[in-house]
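Reader: I am new to this structure and would like a close look at one part of it, the aromatic rings. Please take them in one connected answer.

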Amino acid sequence: MNAQDIINKSGIFDTSFYFEKNSDVKESGMDPIEHYCLFGHKEGRDPNHLFCTRWYRMHYNVNENSNPLLDYLKSGWKQKRNPHYKFDIEKFNENNQSLILKNEEPLKQYLSDKNRYKPIENYRMDYGNGDVKTILKSGLFSETWYLKKNLDLSFYDPILHYVAFGHKEYARKPNPFFDALWYKNTYSIDESDNALVHYINIGSKLGYSPSPNFSSEKYLEEYTEVKEAGLEPLVHFLSVGRQKGYKTFKLDHQTSVRINKEVSIASQIFPDLDFVNDYEWKETHAKDFEFNQKELNIHFVIPDFAAGGGGHMNIFRMLWHLEKFGHKITIWIFRPSLHNSAEEAYDDIIRHYNTLRAEVKFVDENFKNATGDVIFASSWDTVWPVGSTTNFKRRFYFIQDYETSFYSKGARSQLAELTYRKELDCICASTWLESLMKKKYKKWAKSFNLTADTNLFYPRNRPKNKRLKIVFYARMHTSRRAVELGFLALEALAKEGLDFHVDCYGADYQLSSAPFSCTVYKTRTPEQLSEMYASSDIGLVFSLTNYSLVPQEMMACGLPVVEYEGESTRAIYPEGVVTFSGPTPIEISQSILNLAHNEKLRENQSKLALDWVRKSSWEDEARKVESSIIERLLECNFKHKTTKLCPKTIKASVIILTCNPGAIFEKVFLSLLEQITPWDFEIIILDSETNDGSVDFVKGHEKVVFETIKRKDFNHGRTRNHGIDLAKGEFVALLTHDAIPSNNQWLYNIVTTLEHFPEAAGAFGKHVAHDDATFYTKKEMDMHFQSFERFPYALSKKTEIPRDFDIINWKEILRFYSDNNSCLRKSVWEKIPYREVQYGEDQLWGLDVIAAGYQKVYASTAIVKHSHDYEPDDLYERSKIDGDYFKFFFDQILIKQQDKSKIISEINSMDELIGYENGLSDAEIEYRLKCNEAKINGYADGAVKEKSMFEINSSEKSKF
């Protein structure tokens, strides 16, 4: 008997109810039971008023694909699984012992003749919970009202939710006239107590009022019959008085504030300052007086961060260089609000900023034990925890701006200024800040300069724009950016009749219209900004405190900049590098107009600015910071520790397997030679008798170990094992001969990411498709690696399975590993070598190391260009091997034979739409559809082979 027959025969599916609640089903003409079985149960629709589909599924942990009503009918009711929190089977049986048929489903009995049994109120679930029982009995909980006020709880038992969670979430009230927060504050009820239960058991008997909007005393005075009958006033009002038009009476006294020495006023009304009294300034007591200037132990305390923070970008860039110089970095996050764990914060540093090896921690009770050579505060609020540490030689202040100016005159500006008077050595992000610290605050101070990253920001061929194009940094919520002046100036410019377009970015607001052509962007990636700057005519950016990095990034792209004239900007920019403007909007608009009408002026300013920007680099500025730290330590009588020079060792080995790679291999090799690392690495090439001459140029290269492997002896697992055995490095990176590192940091990034996780066996990096790949291949590659961004970068078998993943999908994620772009710890490989297989050695190794308890890491910043656009016949063969591989090693059928046609149709329909939306030709789309058919057929056919190519006695060989 199928599901529809079982439900139809049960007699508890109420067709009228289903149609009444679901008019769309009625209009469709579809049979309601059929609809429920196919769609309704998945959509949370109820078959009658006493079966709650979503509640039953959640309460009894029914699989999301299973039908809850069918579960109930087949076995649930026999296991005393209740259909609804309003219908407790055991209570129904107890209340109707002489009437029920014990072997028949109870809900059907009740629904078939309600008048025969005791009223529904008798069967309400109470879970054996004392508070639930008390509230149910009281009559003070309005279930209907609670659910209507809290739409997010539509399928929860409202009373159970209130007892478990709602009474702590003060916005959730059990009825309109009970205010738990007010009640607790007024009558000094313990924070952990359920206020409603207290009122029922104690407060109502003592004459307490339930809220400032209901005076129990006045209600009883006004309606004496209630008092004479000994009735609880609020219960009476809700059940009787409201219907009779009785009034509620507001209390006429002010809310009292209860005394609780454990709470803070700051945390309630100005939470951003609730830390100020938590830290006591202490003198440092360094544990030793020696330091290694080549390997400083540097701690940095920073505020929490999101993507795109300019100040955080500067910090992480500086730490990246200091780490590359050989120093050990520890990052402490003060008052984390955007991250739930230090691991999550580390992932976001990699994801949005720089690849660091640094240990990341939260400032917590362990912070007092922090020990190192120096510790930095990086904002005025982080000065407080830094001042409480004692186990450092010196405390420094990394000052990027004059934060006193961030606020109007008041507590925050005073507290910010106070930090400049603390006993901290200042490393300042400009000579202007250095001068300010020395002259006004009498501090020891050194400076460095902010500088553009010319790997990201560089000139391109600037187009001849028909309409003048202006880029405006329009971050309004940062008041020091004076965005209002910029917009007023642009409006004045529009009145002059100039035809121009403005790209505004950094905007956290919307414009419905403007007196000039403009586009508003909330965020832009550095790459997008670089392209925007390089294709524009004028940059507009202001800073009224310390100068900003943004103008330099514009200059590095050859964009002439209009900047606000101020003390800090005058101190940093040489004459002619920027166009100074202000103070009025009219004067700013005239400055823009002068540049707009004088192309030669723009070109001259652009050239001067570009020359100036190129004179400095982040590496040079980081060396200044390093020198300043060492200089200060020596000035304070700390001694440099002399260490023995250790012979240089190879830290990493890169292994490439080649076999007639063709011209692309030269790009791979040259990219490897361009890798920048602070340690030595070697290149091992294992070549399978290449005869097209494409590897000859590397033979004899000083950095290369070259060995020829006979083709007949090649095996994906065994050959890689041989290469790793030859490797001298602690870390062994593996590439294929067509995977091109995308930049000169690939090797550093993949090794550093792996090094950060001591429990990790290996890391795999990101792939992007080759420049000449098809649109679909590029999209597919991007989507595949983007999917890893939703997980922690380090995964293990202990990682919690996401709620929307089943165990099969999750196992695929856990074992995914790609030797097109990977790096492993040789020490782990020595225990767990690759399996000697002719295909898919990487995923099997991923499986093995996860099973052994190691972590596996996604190195998102270690990027290679690698992709294949196989012809349909080759794609079929490759996919067939995949189908065979997954079935043989993982007992997983990628595509079932009976599902082929349906899946091909679905994928093709989607790809057709995508192709059309992206302007692809019919030929391109048609070719994609053929490839889809080849791939799906290959997956399905590979799973049903009579003999797997991976069996020991198989003679079949893979050509891939």
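Which residue lies over the face of Phe-681, and at what distance from the ring centre?

Author: Lys-703 lies over the face of Phe-681, at 4.3 Å from the ring centre. A charge counts as over a ring if NZ of Lys or CZ of Arg is within 6 Å of the ring centre and within 35 degrees of the ring normal. Arg-395 is likewise placed over the face of Trp-281, 4.7 Å from the ring centre.

The model is predicted, so local features need pLDDT of at least 70 and side-chain atom pairs pLDDT 80 or more, while totals for chains, interfaces and linings use all residues. Residues are numbered from 1 along each chain as its sequence is written, and side-chain values use heavy atoms, without hydrogens and water.

Rings of Phe, Tyr and Trp (its six-membered ring) pair if their centres lie within 6.5 Å; planes under 30 degrees apart are stacked, over 60 edge-to-face, and the rest tilted. Tyr-110 and Tyr-123 are edge-to-face, because their ring centres are 5.9 Å apart and their planes stand at 85 degrees. Buried means under 20% relative accessible area (1.4 Å probe, protein chains only), exposed over 50%, and partly exposed in between. Tyr-110 is buried at 6% relative accessibility, and Tyr-123 is buried at 0%.

Tyr-146 and Tyr-162 form another edge-to-face pair, with centres 6.0 Å apart and planes at 85 degrees. Tyr-146 is buried at 0% relative accessibility, and Tyr-162 is buried with a relative accessible area of 0%.

One aromatic cluster includes Phe-177, Phe-214 and Tyr-219.
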